[in-house]
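Subject: Structure for you to look over

Dear colleague,

I am passing on the structure we spoke about, together with some notes on what turned up in it. Please open it alongside this message and read the notes against it.

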Amino acid sequence: MNFRPSSRLAIAEIVFYFPALLFTILLIVRHGLKREIGWFFLGTLAVIRIVGDSMELAANVQKNNTLFIVAAILNGIGLNSLLLAMAGLLGRVNKVVLAQQADENRTTGKIDNDPLRAKFARTFKMVHFPLIVAVVLTAVGSSEIYDSNTGNDSGGRSLAQAGIIVFFVVFLGLILVTAYTFGGHSKLPAGERRILYAVVLSTPFIAVRLVYSLLVYFDQNSSLFDLRQGNIWVRSFMAVFEEWVTVLLYLGAGLLAPVLVGDWSKTPQMEQSSTG
């Protein structure tokens, strides 16, 4: 069978994400689902990519536009899992810092509060709602853009553009959280430093991935970034490669990170911040 370039790329993604999904499951079992929400969303990203690429393969073979619409929707909303994974890992690192501060306060009798870090420890909850909004806007917009029956290309494009902008704004917020967290990286245990380094190293790759999505929905003067007819090399090196590097960085951090013992979902300082 003579596969189109987009079909070959879809096969490559499936080959990559199947073992990534299995490895993510092992990390979730090792660390615990409740504590490690960041790696859970790596798993959802893998599932989204496997299903989306399977839909794209089927659409190319059957010339089925409905399957392609599903693939286009999944291509966009995968950003949600990528950013939630980043937020979950940042939340874990900040919780560890707060727990260390709480232990030091009990030992020394001092009160050393860090309310901003306490908020950042809840990074996942902070970004969850805007990312849901982004997913809905992108999904509805993509379906209208590529559905020839609706004839609402301009309206759908506006919705998708709004969704991608929300994704980008959330990412900028996560960069600020990353910068603040990195300010105290020297005091972190080695395992948590590795997680933070993985997040820092992933930021330029996620940035390029978001720029690609911006161009997909904002560039109407060329077909270079079109999901259906766009340049497969541009998609490979501005979207697929960036996600692969990010997934490998986060999986590597999960392998090297220690298993946290005890209830890390709340620290005394977080409880004080939430009640204040």
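R209 touches R49, N75, L79, L82, M238, A239, E242 and E243, once residues up to four places away in sequence are set aside. Please keep in mind, here and in what follows, that this is a predicted model. R209 is found in helix α7, and with a relative accessibility of 1% it counts as buried, because that value is under 20%.

One of the contacts of R209 is also a charged pairing: R209 forms a salt bridge with E243, in which the closest N and O atoms are 2.8 Å apart. Since R209 lies in helix α7 and E243 in helix α8, the pair ties together parts that are 34 residues apart in sequence. Both partners, R209 and E243, are buried, and salt bridges that share partners join R49, R209 and E243 into one network.

Turning to the aromatic side chains, the count comes to 7 aromatic pairs. In one of them, the rings of F16 and W244 have their centres 4.7 Å apart and their planes at 15 degrees, so the pair is stacked. Because F16 lies in helix α1 and W244 in helix α8, this pair ties together parts that are 228 residues apart in sequence. Are the two residues buried or exposed? F16, at 16% relative accessibility, counts as buried, whereas W244, at 22%, counts as partly exposed. A second pair, formed by F205 and F241, is edge-to-face, with 6.3 Å from centre to centre and 65 degrees between the planes. This pair, too, links distant parts of the chain, with F205 in helix α7 and F241 in helix α8, 36 residues apart. F205 is partly exposed, with a relative accessible area of 25%, and F241 counts as partly exposed at 39% relative accessibility. Ring pairs also link F16, Y17 and W244 into a cluster.

Helix α1, which holds F16, has 27 residues and reaches 39 Å from its first C-alpha to its last, close to the 39 Å expected at 1.5 Å a residue. The helix is followed by G32, whose phi is positive, near 100 degrees.

L26, which is found in helix α1, counts as exposed because its relative accessibility of 57% is over 50%.

As for the chain as a whole, the protein has 9 helices and 0 strands, so to the question of which elements follow one another from the N terminus on, the reply is α-α-α-α-α-α-α-α-α. Of the 276 residues of the protein chain, 49% count as buried. The chain exposes about 12,900 Å², of which carbon and sulfur atoms supply 66%. Among the contacts in the protein chain with a separation of 6 or more, residues 24 or more positions apart account for 78%.

Conventions: Residues numbered from 1 in each chain as written. Predicted model: local features only at pLDDT ≥ 70, side-chain atom pairs only at ≥ 80, totals over all residues. Heavy atoms only, no water. Helix = DSSP H or I, 4+ residues; strand = E, 2+ residues; numbered from the N terminus. Buried < 20%, exposed > 50% of the residue type's maximum accessible area, 1.4 Å probe, protein only. Salt bridge = Lys/Arg side-chain N within 4 Å of Asp/Glu carboxyl O. Phe/Tyr/Trp six-rings, centres within 6.5 Å; stacked < 30°, edge-to-face > 60°. Contact = heavy atoms within 4.5 Å. Expected span 1.5 Å × (residues − 1). Areas by Shrake-Rupley, 256 points an atom, 1.4 Å probe, with all protein chains shown as cover.
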